[in-house]
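These are my notebook entries on one structure. I set down what I looked up, entry by entry.

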Amino acid sequence: MPINTLEYAKIFSQALDKQMLAGATSGWMEANAGQVKYSGGNEVKIPMISTNGLGDYDRDEGFKRGAVTLSYQTMTLTQDRGRTFHLDAMDVDETNFVAAAGNVMGEFQRLQVIPEIDAYRYSRIAALAATKSRTSAQDVTAENVLSLLLDDIAKIRDEIGGTAELVITMSGLVTPLLDMSKEIQKKLDVGDFKKGEVSMKVKSLDGCPILPVPSARMKTAYTFYDGETTGQEAGGFKPAEGAKAINWIIMPRNVPIAVSKTDVTRIFDPMTNQQAHAWKIDYRKYHDLWIPANKFNAIMVNMEKAAQAAPPKQEGES
């Protein structure tokens, strides 16, 4: 084979993984993936540690024996997504393939993959939090945004103490309310927030960094298109019917466990590709997110009171 497509694939996979971590607003959650055991396939094991409480010390008998339990929850990776692309050999030759393919795959991941993964993660957190009664629903305004935020922070700290680093993930439609609030300006600070190799300046409230997220990625539920069914050929995702807007999510930095795996990007040169005289690029993303069962008391999700009504259909629409 005249071209080392395996080397190209390795370069693209590494570059796309870095772009994913830096570009996704939820990329910081992947730092917690080191907690899991992954041995291939579609299952991971998440550790859970529990211990006994203190007992009285006996001056004759000494210490009371305590029990330590280390167990693992087995979780399944549910999001297996992918696409294949063809770059015509007449438009892309060997000398400019890396540049052309890099631009195509970079834009594809930036415009399609990253927003979808963000959307899945935030909706997943909201769904899990709802099962444990860790959600609230309010109409947020400039007048009440401070009190609502501080109340949610206080609820979490009352449960787990005040030492954990809390992160506030906030809808881009709600963050402007912070600037309009007359009360909050004296309480906002600016600090550094590190996500992978990227460090950025963000606002913080009571020591909690505030990460703004495009509102389109902050819904309670989504429909993810299969890319094949009629009407779904374009792929991607959209808010599910009845989905509510998420105002913000507050949780410790070490709670959400996100796994994002770009399977080795496959590249076929025009002489190998049997379908067309074109470069063929296969892209596959395997990902999911989990919350350990013993950490739900560290989460608060604030959402709108009711889902927005669907716009009326125009004449001629089915």
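**Entry 1: terms and source.** I take a residue as buried under 20% relative accessible area, exposed over 50%, and partly exposed in between, with a 1.4 Å probe and protein chains only. I note that this is a predicted model, in which local features need pLDDT of at least 70 and side-chain atom pairs count only at pLDDT 80 or more, while totals for chains, interfaces and linings use all residues. Residues are numbered from 1 along each chain as its sequence is written, and side-chain values use heavy atoms, with hydrogens and water left out.

**Entry 2: Ser 171.** Setting aside residues up to four places away in sequence, I find Ser 171 touching Val 213, Ser 215, Met 218, Ile 246 and Asn 247, where contact means heavy atoms within 4.5 Å.

**Entry 3: Asn 302.** I found Asn 302 in strand E16, residues 300-303. With a relative accessible area of 1%, Asn 302 is buried. Its side chain makes a polar contact of 3.3 Å with the side chain of Ser 136. I use that term for a pair of N or O atoms within 3.5 Å; within protein, one must be able to donate a hydrogen and the other to accept it, and residues adjacent in sequence count only if both atoms are side-chain atoms. Beyond neighbours within four places in sequence, the contacts of Asn 302 include Ser 136, Ile 246, Asn 247 and Trp 248.

**Entry 4: Met 200.** Strand E8, residues 198-205, holds Met 200. Met 200 is partly exposed, because its relative accessible area is 27%. Not counting residues up to four places away in sequence, Met 200 touches Gly 191, Asp 192, Phe 193, Lys 195 and Leu 211.

Entry 5: Most residues other than glycine have a negative phi. Ser 133 is in the loop between H2 and strand E5 (135-137) and is exposed, at 62% relative accessible area. Asp 206 also has a positive phi of about 55°, and is not a glycine. Asp 206 is in the loop between E8 and strand E9 (208-213), and its relative accessibility of 43% makes it partly exposed.

**Entry 6: the largest pocket.** Which residues lie nearest the centre of the largest pocket? They are Arg 81, Gly 82, Arg 83, Phe 108 and Glu 116, among 19 lining residues. Strand E4 (79-88), helix H2 (97-131) and strand E15 (278-290) each give two or more residues to this lining. On a 1 Å grid over the protein atoms alone, a pocket is an open set of points where a 1.4 Å probe fits, with protein on both sides within 12 Å along at least five of seven lines; lining residues have an atom within 4 Å of a point. I noted a volume of about 300 Å³ for the largest pocket, a volume being the space filled by probe spheres set on the points, which are joined across faces, edges and corners.

**Entry 7: the whole chain.** I recorded four helices and 16 strands. Of the 318 residues in the chain, 42% are buried.
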